[in-house]
Amino acid sequence: MRHTASAENVVRALDDLVSVEKSVDRAVLHALGIGPNDAAVLRHLLDLESRGTTTTTPSSLSDLLGISSAATTALIDRLAGAGWVERQPHPQDRRSVLIRATVPPGSPARRLLAVRRVAISSAAAGLGAQERRTVVEFLDELHRAEQHHLAEATAVTGPAESLPPR
């Protein structure tokens with residue numbers, strides 16, 4: 001653990017975190033035989049589930065990933081074919097469906113998909129209330145800065161996947 005608090009130490013720590021996250025993501029994707037968008041959808045569905053919502057719509061998944069409805073349909077078809085998700089009739093709209101993860105509780109796949117969330121929760125639990133506030137403020141500011149940089153890059157290069165609002 002680093003105990004110095006220079007701006008360069010913060011940058012280095014975040015660089016190290018991003019690097020290890022990429023390695024973990026590659027290992028998880030390889031182990032599960034899925035792609036990054038597949039993992040993003042499954043993590044989103046499992047996160048919703050942990051908050052008491054078990055389903056979402058294909059259009060919300062399109063928005064989450066910044067991809068077309070056709071690409072989302074193909075992604076859902078692929079995940080459903082592999083047994084990762086299922087479609088359910090929408091209770092209020094007969095023309096629509098809801099998507100639900102079918103990853104069994106306690107399964108190795110569920111543990112692999114949740115590894116980042118578990119690590120973050122564990123680290124955050126070791127912080128005091130003021131430290132957590134400081135971390136959240138810092139990450140919110142970093143998120144806003146990245147959104148600004150994305151907007152600038154998009155203005156120069158054209159549309160790109162946008163970061164979800166925070």
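Me: Is Thr72 buried or exposed?
Reply: This is a predicted model, and within it Thr72 is found in helix α4. Residues under 20% relative accessible area are classed as buried. Because the relative accessibility of Thr72 is 2%, this residue counts as buried.

Me: Which residues is Thr72 in contact with, leaving aside its neighbours within four places in sequence?
Reply: The residue sits in helix α4, and its neighbours within four places in sequence are left aside here. The contacts of Thr72 are then Pro58, Leu61, Ser62 and Ile67.

Me: How does Asp77 count in terms of relative accessible area: buried, partly exposed or exposed?
Reply: Asp77, like Thr72, is found in helix α4. The class between buried, under 20%, and exposed, over 50%, is partly exposed. Since its relative accessible area is 42%, Asp77 is partly exposed.

Me: How many Å apart in space are Asp77 and Arg87, C-alpha to C-alpha?
Reply: In sequence, Asp77 and Arg87 are 10 residues apart. In space, taken from C-alpha to C-alpha, the distance between Asp77 and Arg87 is 9.4 Å.

Me: Which element gives the most residues to the largest nonpolar core?
Reply: This core has 21 residues, of which Ile34, Leu42, Trp84 and Val85 touch the most other members. The elements that give two or more residues to the core are α1 (7-32), α2 (36-50), α3 (58-65), α4 (69-81), β2 (97-101) and α5 (108-113). With 5 residues, the element that gives the most is α2.

Me: Which residues of α1 are buried?
Reply: Helix α1 has 26 residues and reaches 37 Å from its first C-alpha to its last, close to the 38 Å expected at 1.5 Å a residue. What covers its buried residues includes α2, α5 and α6 (115-125). Those buried residues of α1 are Asn9, Val28, Leu29 and Leu32.

Me: Which helix gives the most to the nonpolar patch on the surface?
Reply: The patch is formed by Val10, Val135, Phe138, Leu139 and Leu142, which together have about 340 Å² of accessible area. Val10 lies in helix α1, and because its relative accessibility is 34%, Val10 counts as partly exposed. With 4 residues, the helix that gives the most to the patch is α7 (residues 129-157).

Me: Which residue follows α1, with a positive phi?
Reply: The phi of the residue in question is near 70°. The residue that follows α1 is Gly33.

How values were computed
Residues are numbered from 1 along each chain as its sequence is written. This is a predicted model: local features need pLDDT of at least 70, side-chain atom pairs count only at pLDDT 80 or more; totals for chains, interfaces and linings use all residues. Side-chain values use heavy atoms; hydrogens and water are left out. A nonpolar core is a set of buried Ala, Val, Leu, Ile, Met, Phe, Trp, Tyr and Cys residues joined through side-chain atoms within 4.5 Å. Buried means under 20% relative accessible area, exposed over 50%, partly exposed in between (1.4 Å probe, protein chains only). Patches are made of residues with over 30% relative accessible area and no salt bridge: like charges are joined within 9 Å, nonpolar side chains (Val, Leu, Ile, Met, Phe, Trp, Tyr) within 5 Å. Accessible areas come from the Shrake-Rupley method with a 1.4 Å probe; for residues, only the protein chains shown count as cover. A salt bridge is a side-chain nitrogen of Lys or Arg within 4 Å of a carboxyl oxygen of Asp or Glu. The expected span of a helix is 1.5 Å times one less than its number of residues. Contact means heavy atoms within 4.5 Å.
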